Amino acid sequence: MPEKYHIQTKPIPPRRPRIGKYGIVDWREDCCRCHNCVKKACVYDRHREEAGYIHDMKDVDALFFDCMGCFSCVQNCTKALLSLEVNPIYEALGNSYWTPDIIQTTWMQAETAKIPVSGAGYRGPFSGPGFDSMWTDMSEIVRPTRDGIHGREYISTSVDLGRKRPFLAFEGQALMDSDGPLVSLPMPLIIDMASPDHTLPELDPLFRETAARTGLIAIMDSCAWPFAETYLPHVAFHLHPDGPELPRDVLNQTRLIELPDGPDVLKRIAAIKKDCPHLVVSIKVMLGAGGSQRAIELANLPAIEMLHIAADPNGNEIGVSQPRFIKDILRETHVALIESGTRDQVTLMSSGGIALAEHMAKAIICGADLVAMSLPLMIALECQLCHSCEPGMHCPAQLESINTAYGVGRMTNLVSAWHDQLVEVMGAMGMREARRLRGDVGRGMFFKELEEDTFGKLFGTRK
Ligand code: SF4
Ligand code: SF4
Ligand code: SF4
C-alpha cells in the first residue's frame, strides 16, 4: 500500500481578537446573585472567559463575541437578564457569496486544522444559489470506505495532471506510460494566484512555503521570479506574454506551467514543449462571454494537456449580463468532452467560487479533475475580505506584518482540514479514489432536477 498522504499540523491561535457571531448582553443591575447562577453552567465557560477578556482588553472597540449561541444561560436566568446578540461586525464580513459563516468556519479550520462541526445541526436554508443548489449523496456509508477514514484502508485523493491515453496500451506484458509528462498531486487542489482585488505580493513566499509543506503546487506570476530555487518543484509559473523570459534551468526544475489563452497559444505551447518537454502545459481560459465554448474547443485539440477554466471569485461568468455559475459550466464542458470522446485525455481544473472543502468535492462531481483557490488561504490569515484591499491601505488583519510560522501554519492547517473533509465526504459516498469521483453525477443531487422530477408534472418548469 502506498504511504498515506498526511499533513503535519498544530493549533495556531488568531493574532487579533476573535470576531464571533454571538455575544451575551448582561443587564446586571437587576441581578439577584443566585447561588447557582446560570453563567457557571455554560459548558463552554464563556462567561468566565469574557471576564478575563475584559480584564486584559487592548482594543476598546473589540468586544467579546465568542458565545456558541446555545441559549442555555439566556433561557435559564431566573430574572431573564441575559440576551443573545448578533455581532454587527460579524454580519459585515465578506459579501453575499463569501458569507460571514464561510469566513468564520475558515478561521476556525485555520486555527485548529479540524473539520468544522456545528454541534446543533444544520441551521441554514434548504437550498440556495451556486454550490448550495446541489448536495453530495451520502447514502453509501459502507464499511470499506469508513475504514479508509479511520486508517485501516486507504482513500486516495491523488490526481494526475497532463494528457493521458484514451485507452490502456501494452508493450509485451508491460503497461505503457502516457505519451507526455504527468504530474501527480496528493489531493485535487492547486494554490492559485491571488485575485486582482485581493493581491498582496508579500504573501507569495507564504503560498510557496505552504505548497512545499503540503506537497501541492502554487501558481505564481512569472514576474515573481527570482526566489529560492528549492521551491521550484512546487511552483507553476503563469507566463504573461509580456513578462520576463525565465531561464531554461529554472523551468527545468518545475513540473507545470500555465499560459493565458490567446490567438497564438498553440505556437507558445509548441515552443515550450520544444525546450522543456517534461513540463505539463496548462491553458488558462477566463470564463467571459464565449469562454465555455472556447474551453470546449481547446479541450478537443490534441496539443492541449490541461485546461484551467477560471470564473470570477464568486464562481460566476465574467462580464456577462446573466452569468452562469461555474458548476453548470463544468457540467456542460464535461458532457461535451464525453460526447467528443476526449474527456479522459485532457485534465480540467476550475477556479472561482471555491470557498469551502465541499465545493472542491462538488466541482469534481460536476466534471473538474481538480480545483484551484487562493482566497480561502488569505482568509486563513484572518483576512476579512474588505471591499477595498490594496497594498498600502489599512489592513484590519495586519497582513503586512505577518510572520512565516503563523502564516504558513494557518494555511497548512486549512489545507489539512480540507483534505480531511474530502476524505470524509468520499467515505460517505462510498468512493475510494478522487479520480473516480470526477463527473460522477450519480453521487450528487441537483435541486433543479429534483424539483423538476417532483413538481414539474404539476406546475411545469420553473422560469
Ligand atoms: S441566574 Fe441571572 S439573576 Fe441569577 S445570578 Fe445569574 S445572571 Fe443574576
Ligand atoms: S448562550 Fe450558551 S454558549 Fe453562550 S454564554 Fe450562554 S450558555 Fe454559554
Ligand atoms: S483584511 Fe487586509 S488583506 Fe484582507 S481584504 Fe481587508 S485589507 Fe485586504
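Glu 332 is partly exposed, with 29% relative accessible area, where buried means under 20%, exposed over 50% and partly exposed in between (1.4 Å probe, protein chains only). Its partner in a salt bridge is Arg 324, a salt bridge being a side-chain nitrogen of Lys or Arg within 4 Å of a carboxyl oxygen of Asp or Glu. Arg 324, at 29% relative accessibility, is partly exposed as well. Arg 324 also forms a salt bridge with Glu 317, and Glu 317 is buried at 8%.

This is a predicted model, in which local features need pLDDT of at least 70 and side-chain atom pairs count only at pLDDT 80 or more, while totals for chains, interfaces and linings use all residues. Residues are numbered from 1 along each chain as its sequence is written, chains are lettered from A and ligands numbered from 1 in the order in which they are written, and side-chain values use heavy atoms, without hydrogens and water.

The count of salt bridges comes to 23.

| Pair | Closest N to O distance |
|---|---|
| Arg 18 and Glu 111 | 2.7 Å |
| Glu 332 and Arg 324 | 2.8 Å |

Helices (H or I, at least four residues) and strands (E, at least two) are DSSP runs numbered from the N terminus. Arg 18 is partly exposed at 39%, whereas Glu 111 is buried at 16%. Elsewhere, a network of salt bridges links Arg 343, Asp 344, Asp 369 and Arg 438.

The second largest pocket has a volume of about 620 Å³. A pocket is an open set of points on a 1 Å grid over the protein atoms alone, where a 1.4 Å probe fits, with protein on both sides within 12 Å along at least five of seven lines; lining residues have an atom within 4 Å of a point. The lining has 33 residues, and Asp 192, Met 193, Ala 194, Ser 195 and Pro 196 lie nearest the centre. β9 gives the largest share, three residues. By class, the lining holds 21 nonpolar, six polar and six charged residues.

Around ligand 3, with a heavy atom within 4 Å of it, are residues including His 198, Met 378, Cys 383, Cys 386, Cys 389 and Cys 395. This shell has 10 nonpolar, two polar and no charged residues. Ala, Val, Leu, Ile, Met, Phe, Trp, Tyr, Cys and Pro count as nonpolar, Asp, Glu, Lys and Arg as charged, and the others, Gly among them, as polar.

Technical notes. Grid points are joined across faces, edges and corners, and a volume is the space filled by probe spheres set on the points.
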